[in-house]
Amino acid sequence: MTLSGRPVSGVWRAFLYADPAAHSLSPALHRAAFAHAGLSGEYAAVRVPSAALPAALERLRAPDVLGANLSLPHKEAALPLLDSLSEAAQAIGAVNTVIHRGGRLIGENTDAPGFLAALADAGAPAAGVAVVLGAGGAARAAVWALRSQGWDVRVVNRTPGRAQALTRDLGGLAQAREEVPWEQVSLVVNASSAGLAHQDETPLPGFDFAALPPSALVYDMVYKPRETRLLREARRGGLQAENGLSMLAHQARLAFVAWTGVRVPVGVFLAALEEAA
Ligand code: NAP
């Protein structure tokens with residue numbers, strides 16, 4: 001899609017719907033993108049409690065609205081409320097981007113391709129054995145994305161039943177930490193929230209990173225704090241380790257191009273994060 005002309009109001013609008021919505025970095029990202037693209041646009045983070053989601057989505061059908069990002073607790077709840085879903089959103093079972101096109105609302109998941117783009121930036125190998133830690137929405141996006149690229153995916157989660165449910169839906173193998181053939185693993189992804197709220201928390205307590213090949217990459221989707229305990233310990237073990245800021249930037253870049261048709265370089269989003277985070 002390419003935007004032609006201007007909306008009646010003169011300004012394109014996009015939103016984040018979440019609860020809570022304050023402290024989100026998305027407004028900084030998309031305002032930088034509007035400015036770079038030379039588009040007159042506004043992006044607002046709106047606190048939308050669960051009960052208000054249907055009405056909030058209806059408001060996206062206004063002619064000057066490009067769409068919205070969805071975050072906790074709406075990524076799954078929005079699915080039945082939209083007119084259509086992309087293949088990724090359908091398979092993953094989560095929507096992080098709603099695209100408004102001619103009165104219709106399309107559900108998309110840019111976390112999955114955003115994650116793959118972040119891996120490519122980090123120089124990750126093309127495929128091999130990957131371990132995904134966690135079994136929530138972010139883990140589902142990671143498993144779907146990795147499997148689409150031919151990775152052999154092992155899912156390790158605190159609650160094993162959730163890992164089993166995930167792999168039943170998306171493929172891959174649910175394993176206990178002790179069952180993973182660590183010496184064959186070329187990618188470890190933290191898609192759990194361990195390390196998010198408590199800085200001394202890690203999804204792999206007491207793990208010996210020497211068990212991994214020296215070329216393995218550790219990717220932590222957590223970006224606040226930037227340097228999690230997992231990343232610190234992986235680097236101390238001599239491994240390359242990256243935080244989730246690059247995925248955050250890429251998922252926003254992909255949402256922006258889906259809304260506007262304008263390709264804004266990822267560096268614009270990374271610079272905005274650098275300033276805001
Ligand atoms: P979610 O649906 O709530 O899932 C959380 C997962 O983390 C569950 O599997 C849970 O295990 C596990 N977990 C929570 N605390 C843990 C702990 N202390 N030790 C081990 N496992 C723990 O959350 P989500 O939406 O998938 O998000 C997960 C993380 O990804 C968050 O930190 C989020 O910020 C991040 N994320 C980053 C990006 C990005 O762009 N960088 C995008 C999306 C998400 P149980 O099943 O046992 O409860």
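I started with the ligand and found one of its oxygen atoms 3.0 Å from an N or O atom in the side chain of Arg158. I count that as a polar contact, meaning a pair of N or O atoms within 3.5 Å; within protein, one must be able to donate a hydrogen and the other to accept it, and residues adjacent in sequence count only if both atoms are side-chain atoms.

Before going on, I noted that this is a predicted model, where local features need pLDDT of at least 70 and side-chain atom pairs count only at pLDDT 80 or more, while totals for chains, interfaces and linings use all residues. Residues are numbered from 1 along each chain as its sequence is written, and side-chain values use heavy atoms, with hydrogens and water left out.

I looked up Thr159 next: a polar atom of its side chain lies 2.5 Å from a ligand oxygen. At Ser193, a polar backbone atom is 3.0 Å from an oxygen atom of the ligand. Taken alone, the ligand exposes 930 Å², and the protein buries 79% of that (accessible areas by the Shrake-Rupley method with a 1.4 Å probe; for residues, only the protein chains shown count as cover).

**The shell.** How many residues surround the ligand? I got 22, and the closest are Ala135, Ala138, Asn157, Thr159 and Arg162 (near means that a heavy atom of the residue lies within 4 Å). The shell divides into 10 nonpolar, 8 polar and 4 charged residues; Ala, Val, Leu, Ile, Met, Phe, Trp, Tyr, Cys and Pro count as nonpolar, Asp, Glu, Lys and Arg as charged, and the others, Gly among them, as polar. Helix H5 (137–148) and helix H8 (245–260) each give the shell at least two residues. Helices (H or I, at least four residues) and strands (E, at least two) are DSSP runs, numbered from the N terminus.

**Domains.** I found 16 residues of domain 1 in contact with 16 residues of domain 2 (heavy atoms within 4.5 Å).

Most residues other than glycine have a negative phi, and most peptide bonds are trans. Pro20 is in the loop between strand S1 (12–18) and helix H1 (26–37), and a cis peptide bond joins Asp19 to Pro20, with omega about 5°.
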